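Please read the following briefing alongside the sequence and the model. It is arranged by topic, for someone meeting this structure for the first time.

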Amino acid sequence: MKLELDAPNLGDLEKQYLNKTVESGFVSTFGPFVTEFEKRFTQYLNVKKAVSTQSGTAALHISLHDLGVGYNDEVIVPALTFIATINPIMYVGAKPVFVEKAITEKTKAIMPVHLYGNPCNMEKIMDIAKKHNLYVIEDATESLGIRYKDRFTGTFGNLGCFSFNGNKTITTGGGGMVAGNDVKRLEHIKFLVNQSRDESKGYYHPEIGFNYRMTNIESALGLAQMKRLDEFLKRKKRHRKIYIETLRDVTCIHFQESYEGAEDSRWLTCITIDETKNIAELQERLKKEGIPTRRVFMPITEFPPYKAYKESDYDNAYAIYEKGLCLPSSTLNADDGIYYICDKIKEILL
Ligand SMILES: *Cc1c(COP(=O)(O)O)cnc(C)c1O
């Protein structure tokens with residue numbers, strides 16, 4: 001039995017669409033799949049518009065740029081996230097602020113991250129943003145298709161950013177999307193990612209632009225994967241439930257909890273274990289049983305470019321990093337595989 005941590009699930013539909021791009025010759029940044037993928041994504045999220053990009057990182061960068069976040073501005077972010085949430089803040093010359101309750105007169109935006117697919121408390125965050133007149137850019141790169149209350153994550157803020165990297169819930173090989181309801185802003189983002197080209201005047205570029213377009217090949221994969229998204233989400237949710245129920249008796253294990261009103265679903269199911277147990281040893285022993293896992297992200301303030309931005313101890317971020325492990329969550333895994341993993345974890349920890 002081969003177990004996968006986060007490997008993509010690709011099948012006949014993906015092959016069929018990819019063949020179409022090769023047969024038609026439309027392999028680059030123009031072609032019908034780009035439009036169709038964006039349209040399907042827009043309809044799925046129930047937003048007004050979505051713009052495809054080269055990556056989730058590009059989606060976050062172009063969002064900050066378009067909202068005018070730049071030099072001397074501060075952006076509030078969590079210390080516990082993937083590095084790609086934070087680097088785009090530096091690209092626009094702004095300052096990441098790794099703390100809560102950190103609003104100053106320079107604060108311009110909040111970037112909540114739905115980490116591992118766990119929806120943030122968007123009601124609270126939107127209230128704070130409204131009160132202080134701040135932009136909200138949601139990093140929904142790990143939470144496609146997961147709801148907070150009755151809406152999808154990524155649809156609450158001014159802009160929501162998504163990723164289709166190879167390990168995410170759906171993949172285009174590499175790619176991203178910016179979505180939202182501010183049609184004018186999103187039309188401008190569509191223009192920016194296409195080298196700010198004013199096509200009515202040929203090769204005329206009235207603004208500094210970016211080459212952040214998704215290709216037709218990538219979009220073909222994306223459209224096929226969108227058609228299978230609900231199947232993937234169902235499987236991830238079921239596997240999470242198996243983990244929680246089967247490991248209920250293992251009292252030294254704790255699952256990432258959900259906020260009230262948040263859907264109990266994840267991109268990756270993660271646990272923390274009590275300090276009495278050794279996380280590195282657990283990981284090593286699982287590996288020997290053919291079970292791939294991955295440590296929870298290292299807090300951003302551990303990395304050389306960001307050490308100077310450390311303003312407190314971030315006890316929670318560090319504690320979760322030191323005790324946290326992501327369990328196999330690929331939709332390629334069968335239910336039997338998840339039960340097998342639970343048995344092995346019990347053997348090691350009980
Ligand atoms: C994957 C990811 C990104 C960036 O997406 P890419 O498509 O890899 O550029 C950003 N933030 C988080 C939290 C992610 O997991």
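In this predicted model, the lining of the second largest cavity is made up, by class, of 2 nonpolar, 4 polar and 2 charged residues. The residues that line the second largest cavity are T141, E142, S143, L144, S163, K168, T169 and I170, and the volume of this cavity is about 30 Å³.

**Cavities**

- The count of cavities of 30 Å³ or more comes to 2, and the largest cavity has a volume of about 90 Å³.
- The largest cavity is lined by 17 residues, of which A7, P8, K168, T169 and T331 are the closest to its centre.
- By class, the lining of the largest cavity holds 5 nonpolar, 9 polar and 3 charged residues, and at least three of its residues come from each of domain 1 (12-228) and domain 2 (230-349).

- The chain is divided into domain 1, covering 12-228, and domain 2, covering 230-349, and the centres of the two domains, taken over C-alpha atoms, are 26 Å apart.
- To the contact between them, domain 1 gives 34 residues and domain 2 gives 35 residues.
- About 3100 Å² is buried between domain 1 and domain 2, with 63% of it on carbon and sulfur atoms; on the domain 1 side, L80, Y116 and R228 lose the most area to domain 2, together 27% of what that side buries.

**Polar links**

- Across the interface of domain 1 and domain 2 there are 2 salt bridges, and 16 residue pairs are in polar contact there.
- A salt bridge joins E311 and K95, whose closest N and O atoms are 3.8 Å apart.

Methods. Residues numbered from 1 in each chain as written. Predicted model: local features only at pLDDT ≥ 70, side-chain atom pairs only at ≥ 80, totals over all residues. Heavy atoms only, no water. 1 Å grid on protein atoms, 1.4 Å probe; cavity = no way out; pocket = protein on both sides within 12 Å on 5 of 7 lines; lining within 4 Å. Points joined across faces, edges and corners; volume = space filled by probe spheres on them. Nonpolar A, V, L, I, M, F, W, Y, C, P; charged D, E, K, R; others polar. Domains from an automatic or database assignment. Contact = heavy atoms within 4.5 Å. Buried area = accessible area lost by both parts, 1.4 Å probe. Salt bridge = Lys/Arg side-chain N within 4 Å of Asp/Glu carboxyl O. Polar contact = N/O pair within 3.5 Å; in protein donor to acceptor, adjacent residues only side chain to side chain.
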